[in-house]
Amino acid sequence: MVKRTTSGSIAWGVMRQGRGLWTRNAVKGERVRDERLRKDGKIEWRSWNPRSSKLGAAIIRTSEDPGILLPSPGSNVLYIGAGHGTTISHLHDHLCGVENHHGGTIVAVDLSSRCMRDLISLAEKRPGLIPVLADARKLDDYSVFLTNRVPWILQDVSQAGQVELMLSVCDRFLDSEGIALLSLKAASERWKDGGDKARFSDAEARISESKMTLMERIDLRGLEDQHVMYVLRGPK
Ligand SMILES: C[S@@+](CC[C@H](N)C(=O)[O-])C[C@H]1O[C@@H](n2cnc3c(N)ncnc32)[C@H](O)[C@@H]1O
């Protein structure tokens, strides 16, 4: 049965309240951007803004169990297009927790040295977060950080060729039946007659030819315009 949560726990350390999304702060008293903090006994919750996080937006918009979109606490995951670490900080709250008591790791790849500086300072207080300065298209450049296949991959790179990149990354690094989330920005793909609709159809056709199963297409319009989050599952 589909669990559609509008209030209550979504997964360990992740809670929804009406339109608001919160994660249990792994670094008490510290904000990553200018998000709200809220005390609940000994627990501190940090507001997760779905307008500045495609993963957050997908959790709000999915018509399936939102917990499917998150990896299990304590697992090892790959995040491509880490940016300044906004989404990653919330993922870390869930996957690692205070002082990484869950024992998870997030390999966070980005090619921007500015982003890397922010990620490195985030990682100093968030053990388990591993920032990697690399071009995600050069898989060999970060494979050393992924000694085993991972159960969860998120890609959010906003550049042309997003589908091909996701498929090759999954082929190489995703565990059997693992979950891969592809945040696709239509405007980043090459222009086609038919505009965004044609670009999304192209992406879906390419996915359906691959070994991956398309589980859900989550339209993020209104929270992240021109974006769709594709939820894929790897083969057995
Ligand atoms: C939309 S931002 C990511 C935002 C981030 N996912 C978040 O939610 O906080 C896209 C990021 O992808 C990175 N990027 C673009 N092309 C890349 C590539 N080929 N390899 C690695 N990172 C790339 C950019 O530097 C940028 O930081």
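1. Ground rules. Residues count from 1 along each chain as its sequence is written. Since this is a prediction, local features need pLDDT of at least 70 and side-chain atom pairs count only at pLDDT 80 or more, while totals for chains, interfaces and linings use all residues.

2. Overall build. The protein chain has five helices and twelve strands (DSSP runs numbered from the N terminus: helices are H or I with at least four residues, strands are E with at least two). Its C-alpha trace spans about 55 × 40 × 35 Å along the principal axes.

3. The sheet. Five strands make an open sheet in the order E1-E2-E3-E5-E4, with antiparallel pairing (strands pair if DSSP finds at least two bridges between them). At the edges sit E1 (7-11) and E4 (37-40), each pairing on one side only.

4. Inside the sheet. Take E3 (residues 20-24) and E5 (residues 43-48): they run antiparallel and are joined by four bridges. Look for Leu21, which stands opposite Trp48 in E5.

5. The helix on top of this. H2 (residues 86-95) lies across E1, E2 (14-17), E3 and E5 (contact means C-beta atoms, placed from the backbone, within 7 Å). Ten of the ten residues of H2 are buried, among them Ile88, Leu91 and Leu95 (buried means 20 or more other C-beta atoms within 10 Å of a residue's own, with C-beta atoms placed from the backbone). After H2 comes Gly97, with a positive phi near 75°.

Methods
Contact = placed C-beta atoms within 7 Å. Axes fitted to C-alpha atoms, helices over the stretch in contact; angles between N-to-C directions. Buried ≥ 20, exposed ≤ 12 C-beta atoms within 10 Å, placed from the backbone.
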